[in-house]
Amino acid sequence: MLPLPQLLAELVRLPSINPMGRTDLDPALVHESRVTDFLESQIRELGCEFYRQRVADGRENLVATYMPPGPAPGHVLFEAHQDTVPVDGMIVEPFGAKVEGGKLYGRGSCDVKGGGAVMLAAFARLIREKPANSAKVTLAFTVDEEHGGAGIQELMASGFRADCAIVAEPTLLNIVNAHKGVARWILETTGRACHSSRPEQGINAVYRMARLLQGIEEYARTLQSAPPDPILGPRTISVGRVTGGVSPNTVPDFCRADLDRRLLPGETYESATAELEAVLKALPGVDFPFTLTRSSAGCLPLSPALSVDLVKRFGATIDSVTGSHTVHPVPFGTDAATVAAAGVPVIVFGPGDIAQAHTKDEWIDLAQLEPAAEILFRFACGK
């Protein structure tokens with residue numbers, strides 16, 4: 001197994017961009033197959049059982065298993081996603097893996113190839129040392145976390161279960177035990193195109209959308225003022241992008257808005273959709289048709305209820321390495337919610353700071369890699 005910094009550098013140099021519905025990206029940079037092949041080569045050298053699980057064309061989960069020498073006291077899942085967000089606007093070489101000042105730069109270095117590298121390092125150490133009383137450990141590298149979560153959904157839908165799970169995300173070596181869920185929609189209005197010199201002969205789809213967007217802005221204020229979750233805070237909705245029309249001298253016959261809604265425990269995509277549709281249909285002056293369609297699989301909320309004991313045990317392991325830790329919620333979604341929905345206690349943990357994720361100069365502090373790998377190894381050993 002390569003040294004941790006070198007292992008991470010190799011992963012960063014392999015593009016695995018999630019196109020997230022875009023069609024304008026270089027095919028040589030999208031999807032996870034290059035990373036999957038590299039990880040398989042590393043795992044083959046370890047001599048353990050593994051398999052590739054097809055999720056979509058050219059997109060496969062990689063799942064490996066460590067079996068301890070004696071009876072396993074439990075079964076732990078280590079899970080990390082292989083994909084990254086696109087690289088538009090980056091000011092560092094996205095796949096250069098440049099090291100400077102104790103930081104490694106590049107897309108995915110923080111989110112979440114750093115976390116994947118430390119999980120692989122801890123997994124390899126288990127196989128190499130075969131410590132007594134260690135747990136059975138499954139290491140899963142999944143696809144499509146950044147857009148729809150199809151990889152972890154496929155893994156859990158296949159019937160995979162463990163006694164507990166650790167999901168890799170940048171947490172500064174602390175524990176995340178709860179997060180909001182995500183629902184995303186495409187809102188569309190239509191109209192009738194005509195020359196802009198005679199706008200009365202057409203129907204302006206952008207004007208129609210404007211009425212809906214005003215209602216969404218008011219709805220956002222209503223969500224913010226509603227009683228918040230004591231841990232996660234309020235529900236939110238945001239309009240992230242609006243597009244429409246073809247030219248300034250044509251009355252537009254279509255308009256599209258992309259919406260993002262953050263969910264609290266107890267809410268689902270279906271309940272959030274029904275609520276939003278009811279709000280839009282009740283708006284004054286909305287006497288025209290519109291469509292609201294799902295744009296991604298989204299993500300369920302993660303409640304802390306299942307992970308109380310796991311938080312205590314894993315926290316004690318962190319303290320044995322770093323001396324202290326915090327436990328806190330986050331507003332973004334993770335694969336952990338899908339794991340929890342299958343009844344598996346789960347927490348989120350890893351090296352790196354979420355403040356560096358998805359940024360124009362994404363980087364990770366290399367000093368966090370070895371402690372993270374040590375924590376995972378000790379936890380698997382029951383320490």
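**View 1. Strand S13 and the largest pocket of this predicted model**. S13 supplies the largest share of the pocket lining, five residues. The pocket holds about 990 Å³ of space. Here a pocket is an open set of points on a 1 Å grid over the protein atoms alone, with protein on both sides within 12 Å along at least five of seven lines, and a lining residue has an atom within 4 Å of a point. Grid points are joined across faces, edges and corners, and the volume is the space filled by probe spheres set on the points. Of the 38 lining residues, Met20, Glu146, His147, Arg184 and Asp260 are the closest to the centre. Helix H4 (150–157), S9, strand S11 (236–244) and strand S13 (254–263) are the elements that each give two or more residues to this lining. Helices (H or I, at least four residues) and strands (E, at least two) are DSSP runs, numbered from the N terminus. By class, the lining has 13 nonpolar, 13 polar and 12 charged residues; Ala, Val, Leu, Ile, Met, Phe, Trp, Tyr, Cys and Pro count as nonpolar, Asp, Glu, Lys and Arg as charged, and the others, Gly among them, as polar.

A note on reading these views: residues are numbered from 1 along each chain as its sequence is written, and side-chain values use heavy atoms, with hydrogens and water left out. As the model is predicted, local features need pLDDT of at least 70 and side-chain atom pairs count only at pLDDT 80 or more, while totals for chains, interfaces and linings use all residues.

**View 2. The four-stranded sheet S11-S13-S9-S14**. This is an open sheet with antiparallel pairing, where two strands pair if DSSP finds at least two bridges between them. S11 and strand S14 (290–294) are the edge strands with a single partner each, so one side of each has no neighbour in the sheet. Direction ignored, neighbouring strands are turned by 20° against each other on average. S9 and S13 are joined by 10 bridges, and threonine 189 has cysteine 255 in S13 as its bridge partner. Look also for H6, which lies across S9, S11, S13 and S14 and runs at about 165° to S14. Angles run from 0 to 180 degrees between N-to-C directions, with axes fitted to C-alpha atoms, for helices over the stretch in contact; contact means heavy atoms within 4.5 Å.

**View 3. An aromatic pair between tryptophan 185 and tyrosine 269**. The rings sit 6.1 Å apart centre to centre with 35° between the planes, a tilted pair. Rings of Phe, Tyr and Trp (its six-membered ring) pair if their centres lie within 6.5 Å; planes under 30 degrees apart count as stacked, over 60 as edge-to-face and the rest as tilted. Tryptophan 185 belongs to strand S9 (residues 181–190) and tyrosine 269 to helix H6 (residues 269–281), so the pair ties together parts 84 residues apart in sequence.

**View 4. The largest cavity**. Its volume is about 50 Å³. A cavity is a set of grid points where a 1.4 Å probe fits but cannot get out, and the count comes to one cavity of 30 Å³ or more. Among the lining residues are Leu11, His81, Lys113 and Phe141. H3 gives the most to this lining, with four residues.

**View 5. The three-stranded sheet S4-S5-S17**. This open sheet is antiparallel, and two bridges join S4 to strand S5 (residues 103–105).
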